[in-house]
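User: I have a model open and would like to talk through it. Could you take me over the main points?

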Amino acid sequence: MRVSRRRAAALAAAMTMLIGGCGGSPSGSDGKAEANEFSVALTEPDHLTPGNTSSSYSITVLDALFDTPVHLGADGTPVMAAAESVTSTDQKVWTIKIKSDRRFANGEPVTAQSFADSWNATAYGPNGWTNNYYFANVEGYDALNPEEGEPAADKLSGLEVVDDTTLRVTLTAPFSQFPITLAYIAFAPMPKAAFADLEAYDQAPIGNGPFVMDGAWEHNKQIRVKRSPTYTGERAAKADAVTFKMYASRDTAYTDLRAGRVDLLQTIPPASAAEAKRLLGDRFVAIAGGTMDYLGFPLFDKRFAGADLRRAFSMAIDRQAIVDAVYDGTFQPMASLLAPVVPGYRADACGAACVYDPAKAKQLYDQAGGFSGTLNLYFSNADPSYEQWMTAVANQLKQNLGIADIKFRKIPASDYLTTLRQRKEDGPYRQNWVMDYPSPQNYLEYQWGEGNRMGWENKEFDALLEQANSAPSLEASLPLYQKAEDIALAEMPMIPLWNWQDQSGFSARLQGVELTPYSANLHTITVKRS
Amino acid sequence: MRYAARRLAQAVPVFFATTFVIYAMVFVLPGDPILALAGDKPVPDQVLNVMRERYHLNDPLLVQYGRYMLGVFQGDLGETFTGQQVSELLQDRWAVTAQLALTAWVFELVVGIGLGVVAGLRRGGAADTAVLAGTTFVIAVPVFVVGYTAQIVLGLNLGLFPTAGTDEGWPASYLLPGMVLGSFGLAYVARLTRTALVENLRADYVRTATAKGMRRRRVVGVHALRNSLIPVVTFLGIDFGNLMAGAVVTEGIFNLPGIGQQVFQSIQLQEGPVVVGVATLLVMIFIAANLAVDLLYGLLDPRISRARA
């Protein structure tokens, strides 16, 4: 007994030494505290060529490396950045004046040609770049993207470089929202140097923004950027350098934020939101984003053809209860097709049809003749929360409308959109929309416009969108979009559910954090000197 | 030597069969990987076709596999959908996983055998009971629970280890994940050692050795333990392959950019070349580990190698 006890004690001592001795210093940032640089938690970007990525992680990095023609203020209004002005008399031919004193990180001047080169490359089909379709409304797009065979041209005929500081863009149809779209990363310029070796450029992009790459992109580990020596724009960086640290798991990133090993995290997991709020206090920031969840109906299935039935579904769903249960109350129930950050948003656009009222819902449902057969609910397996909220929806429909036979159709994520595109669904499905730019048009036209997924057709709606798109100004377009939204809500081919919220947190070292739905504004952040 | 050569020859069909099965499994996964990459955004047909051509997604399975294998023998493991060379990708990640697996393996070996010996020598004693209870607990609790708990308690609250990442390098960054990853195998090693030792201590040759007046340390250390280690060596050999392959969860929790993380991401993106590339290398490691185990047997028990010669 004595021997084993002594051995156990020795082992315990050895373990303690092992643990204590090799603990290292978890707060490696202590040494860096004086340095005016900080770190941002991120997930590995797919690409760093502005035309070839729509990943929000890539965009966080590119937003630091590039100035697009226009930037978006906290309220979604366009502010001129690389452009001096964006004007048009007919909303079809647009003149973009480029600021003349700007340079790329390699010293090359930013001219109208830099924008034209970048946009042409993105629109050129054979390049296979992700943001290709953003240029579909520029004249000459079809010649670069033929259905069959090689393209006849490699430059958009609608892009005309008038002189070094003037770019003229001709669209296929009037589009009043064009200035807002110019804030998207696909519209960033690229220097001549990029086109010598596009693959190398993707690994080490040269931009015109407040930061420049500092060293190579260390895949799955980090990307370091430092303050640009050549930048003369409005977003001059206050910090010396920023390190983007790559995380495979949000939970781990959040643990590292708590341990002080990373300074800014923009994706705190919903399950940790309450705790983060308590621990971080005013360093926890919740921002309503542009992402919306909807429940869509396949109108090509006759059973869903009646608007009353669809409204009854909407009134039978207790959005607040689901948001509280599944998303810890961090998402916001919606009575609008547009996200709150979008100009033209009305909190109560939907009216009674989006208010939870089981009695009225049942009445409306019976009036509409009810529903026969199996109700299949479609969603993907991309995130477990989808199944959770669909289950809640199913329970409420069962309880409030008396639909007994409800089945779940959980589709593999990679197959989900194909299923919807081919119209294989025969029941309500989860629809999700990530905003590209804050305009009602971005939501309404792509989801309810011609050729939409639901198979919904409404001439009045289409006509209103066309009018709004050719309205003389952004302000003048909003009432027209709202009228169109009213029609889509009255017909309810798709039920608005809730708006996503981004939960961010930052360390006590940082000051000047100004997060908006559109940008992390890394250039405003500095490290406290204590 | 002939034995080793025969084992190597056996590995060739194993190699082709496993890689083909894995390639076919990735191939038949539902959905279009290119469309999935684009998410909810429309993809023009032209872009779609270019991407499908680039990754040969329009070819039948056998042609794709043949083309891939041809590349492998020329040292080309293909490229990912984001345009990275798989060989480069694995080069970076391989080192991380190897360091993690080795740390876990050494932890398993040293602490596992140590605990097993302590428990086995004092069968029924307090230490034995503690080891039995502890290992049962470790085997019962899923690795992600152990991982997150260790990360929060030892990493975040006590600050003994870095919480995640590889910033501190080896060994500091790998100790905690290594211990978590190795905890499961450690429990097995401890139990195997204990059981085998208990049995051997009762064997005739041990009694004879003790009767000859040999010192206890020598009886246990040279005679009993050496024989007891045969099942343990088998387990440790196979487990090294497991550690390399099974680090998906641990690498995720501790944000180590290793092979496991890569395979997980690649299966989701249906990146056949990456999954097959990793599997190919893992198959080779398994084969090598098994070979090493067989050769080690001979050293521990000469009867085995003689019987086979």
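Analyst: Gladly, and please keep in mind that this is a predicted model. Starting with chain B, its elements from the N terminus on run α-α-α-α-α-α-α-α-α-α-α-α-α-α, which comes to 14 helices and zero strands.

User: How much of chain B counts as buried?

Analyst: Of the 309 residues in chain B, 36% count as buried. As for its contacts, among those between residues at least 6 apart in sequence, 74% join residues at least 24 apart.

User: Switching to chain A, which domains does the assignment give?

Analyst: The domain assignment for chain A gives domain 1, covering 66-196, and domain 2, covering 289-501. The C-alpha centres of these two domains of chain A lie 33 Å apart, and their contact takes twelve residues from domain 1 and 16 residues from domain 2.

User: And what classes of residue are on the domain 1 side?

Analyst: On the side of domain 1 of chain A that touches domain 2, there are seven nonpolar and five polar residues, with no charged residues.

User: What about H16 and H17 of chain A, at what angle do they cross?

Analyst: The axes of H16(A), residues 459-469, and H17(A), residues 474-491, come within 8 Å and cross at roughly 165 degrees. Because angles over 145 degrees count as roughly antiparallel, H16(A) is roughly antiparallel to H17(A), and the crossing is left-handed.

User: Which residues make that contact?

Analyst: Among them are Phe461(A), Leu464(A) and Leu465(A) of H16(A), together with Leu480(A), Tyr481(A) and Ile487(A) of H17(A). By class, the contact between H16(A) and H17(A) has nine nonpolar, two polar and two charged residues, the contacting residues including Glu460(A) of H16(A) and Lys483(A) of H17(A).

Key. Residues are numbered from 1 along each chain as its sequence is written. Chains are lettered from A and ligands numbered from 1 in the order in which they are written. This is a predicted model: local features need pLDDT of at least 70, side-chain atom pairs count only at pLDDT 80 or more; totals for chains, interfaces and linings use all residues. Domain bounds come from an automatic or database domain assignment. Two residues are in contact if their C-beta atoms, placed from the backbone, lie within 7 Å. Ala, Val, Leu, Ile, Met, Phe, Trp, Tyr, Cys and Pro count as nonpolar, Asp, Glu, Lys and Arg as charged, and the others, Gly among them, as polar. Helices (H or I, at least four residues) and strands (E, at least two) are DSSP runs, numbered from the N terminus. A residue is buried if 20 or more other C-beta atoms lie within 10 Å of its own, exposed if 12 or fewer, and partly exposed in between; C-beta atoms are placed from the backbone. Axes are lines fitted to C-alpha atoms, for helices over the stretch in contact, and angles run from 0 to 180 degrees between N-to-C directions. Angles under 35 degrees count as roughly parallel, over 145 as roughly antiparallel, 65 to 115 as roughly perpendicular and the rest as oblique. A crossing is left-handed if the near helix is turned anticlockwise from the far one by less than a right angle, and right-handed if clockwise.
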